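Visitor: I'm new to this structure and would like a close look at a single part of it. Could you walk me through that part slowly, and then show me how the rest fits around it?

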Amino acid sequence: MASVPVGNDSERLGWGQAIKSDLPASIIVFLVALPLCIGIAEASGAEPAQGLITGIIGGLLVALISGSPLQVSGPAAGLFVLVAQVIEELGPLALGVVVLGAGLIQVGAALLKFGNYFRAVSPAVIQGMLSGIGVLILASEFHAMVDDHDAAVPWLDAGYPKGIANLLSIPKSLELGLVPLDGSPHHVSAALGVGTIIVLVLWNFLPIKSLRIVPGAVIAVTLAAGVTRIMGWEDTITHVIVPDNLLDDVVLPTAWPVAGLAWGAVLVAAIEIALVASAETMLCCAAVDQMQSKVRTKYDKELLAQGVGNSLCGLVGALPMTGVIVRSSANVQAGGQTRLSAWLHGLWLLMFVAALPWVLNYIPRASLAAVLVYTGWKLINPKGVYRLWSVSRPDGIICLITLALVVGVDLLTGVLVGVACTAARLLYTFARLDVDLVEVPEAGRTDLHLRGAATFLALPKLTEALDRVSPNTELHVSLQNVTYVDHSCLEQFINWEKQHEATGGKLVIDWDDLTATFRDAGKNLKNNSESAGATVGGASR
């Protein structure tokens, strides 16, 4: 019987079994992806076709070579900020150059086996980044939901950053949606948007669980389009515009404004997109692995697949892609077993936009914006932020700092400062050594209790404590609560011991809680230094 590869060569399903499970799953994923491809493109300032092309490439190409067979790739909300920034600052024609550059960077990183390293980012920074992106999406799309696209202009003119301007102008848009002026259609758009969000929320509580497998976004957008048609609002509100031929929105390299590009800015943007897209994809892979036990991700292979996909997206001027958790989780929950489900979802996207593009023109822009407002709220994830704060206050602070800078400055600044804060916290943890010197005169000894990491960063504090030890005293050093000792501190003890013995003193070190590595390192260092006399006691851990 013919078989379908599932991740590892040893894990295979027959075509019949694969189609039985993957065909219905692919339809669900297609229904999830369709409105999001269009919505993310619209929110980024790109054409809907650019988002659809990315979704198609993510299905038909990336799914075939993916290192995570059940992951589904396409345009992602996490890249919304960067794509919008590229379009606004460099122009829409420059997007292809940037995405191509990002794809090539990913390919290079994959060939260098850097796949796993993109996972080595603090959860606090990731949560802060995603929450900040969620705030930006919610604030931006709230105005689109009430068809008030110029609400932030006064704040922008006053010099406020775009994210802050969008937040500060929400009350004005809210007022327009509630109290229409001069017969404006803002209240109609607002009603459709609010109705869409209500459907999205209530759909999760539908008593008939079997119906919940149909994405709520499809139901909400379809209902909004139907209401618009019935009420005769087609000419009143803004609708999505999709060309009859997707090729009309393809931007080939021959159209790139190569001569007039700011190549420094292009390189920075490409690096930003490559880093964020790779980190988001690796996190999605890890989440998919946790959802099921059938296959495991090959991270370097997946990074290579993403790089190839983004390179092709760049060549045709489409949006960048990542592994998308919303589509991937829908794939797993719908029973997808192999990469066939992700591939078929790309085929359904292609067939739909090729045969029925006019259907998409019935979608109200307000309804699509409402789906993204809901998506933004889920990205903010207040419960996740609170949970992080409850578990670790420092991580919570780093998360909030990252969030604030992503919203108030830009995504790169937020992430870099978040990473710097994480590194500073790690440095503080490594540098922290509590030193407690206790004299016991009646026993003629002094106890030195150390807690924390005894590294070269703690040498000043350790040296100060040793200098306070009286001559002719037996110093007992307890390392029971020491998490790490490096050679610099061991050498300090050895050198200090020589001086202390010259005054008639003695050094006794308790090695009970040190690993064999550190004990051996200390002994070898003592031998190399031709030092003697330190008493080493205790049993191995």
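Visitor: Which side chain meets that of D447 in a salt bridge?

Guide: It's R445: the side chains of R445 and D447 meet in a salt bridge, at 2.5 Å from N to O. Keep in mind that this is a predicted model. D447 is buried because its relative accessible area is 14%, below the 20% cut-off. R445 has 28% relative accessibility, so it counts as partly exposed.

Strand β6 covers residues 445-454, and the loop between β6 and helix α20 (459-467) holds F456. F456 counts as exposed because its relative accessibility is 53%. F456 also belongs to a nonpolar patch on the surface, together with L426, L427, F430, L457 and Y484. Together, these residues have about 570 Å² of accessible area. Helix α19 (residues 411-431) gives the largest share of that patch, three residues.

Back to salt bridges, since that's where you started. Side chains of opposite charge can pair when their charged atoms come close. A search of the whole structure finds eight salt bridges. Another one joins E141 and R365, at 3.1 Å from N to O. This pair links distant parts of the chain, with E141 in helix α5 and R365 in helix α16, 224 residues apart. E141 counts as buried because its relative accessible area is 2%, and R365 is buried too, at 7% relative accessibility.

K162 lies in helix α7 and E88 in helix α3, so the pair ties together parts that are 74 residues apart in sequence. K162 counts as partly exposed because its relative accessibility is 44%, while E88, at 56%, counts as exposed.

That pair also leads us to a pocket. K162 and E88 are among the residues nearest the centre of the second largest pocket, along with A84, S140 and N166. This pocket has a volume of about 710 Å³, and 33 residues line it. Helix α3 gives the most to the lining, with seven residues. By class, the lining of the second largest pocket divides into 16 nonpolar, eight polar and nine charged residues.

The largest pocket has a volume of about 1,500 Å³. Of the 46 residues that line the largest pocket, I325, V326, R327, S329 and K378 are the closest to its centre. Helices α5 (123-145) and α16 (365-380) are among the elements that each supply at least two residues of this lining. You'll remember those two helices from the pair E141 and R365. The lining of the largest pocket has 31 nonpolar, 11 polar and four charged residues.

Finally, step back to the whole chain. It has 22 helices and nine strands, and buried residues make up 52% of its 541 residues. The C-alpha atoms fill a box of roughly 100 × 65 × 60 Å, taken along the principal axes.

Key:
Residues are numbered from 1 along each chain as its sequence is written. This is a predicted model: local features need pLDDT of at least 70, side-chain atom pairs count only at pLDDT 80 or more; totals for chains, interfaces and linings use all residues. Side-chain values use heavy atoms; hydrogens and water are left out. Patches are made of residues with over 30% relative accessible area and no salt bridge: like charges are joined within 9 Å, nonpolar side chains (Val, Leu, Ile, Met, Phe, Trp, Tyr) within 5 Å. Accessible areas come from the Shrake-Rupley method with a 1.4 Å probe; for residues, only the protein chains shown count as cover. A salt bridge is a side-chain nitrogen of Lys or Arg within 4 Å of a carboxyl oxygen of Asp or Glu. Helices (H or I, at least four residues) and strands (E, at least two) are DSSP runs, numbered from the N terminus. Buried means under 20% relative accessible area, exposed over 50%, partly exposed in between (1.4 Å probe, protein chains only). On a 1 Å grid over the protein atoms alone, a cavity is a set of points where a 1.4 Å probe fits but cannot get out, and a pocket is an open set with protein on both sides within 12 Å along at least five of seven lines; lining residues have an atom within 4 Å of a point. Grid points are joined across faces, edges and corners, and a volume is the space filled by probe spheres set on the points. Ala, Val, Leu, Ile, Met, Phe, Trp, Tyr, Cys and Pro count as nonpolar, Asp, Glu, Lys and Arg as charged, and the others, Gly among them, as polar.
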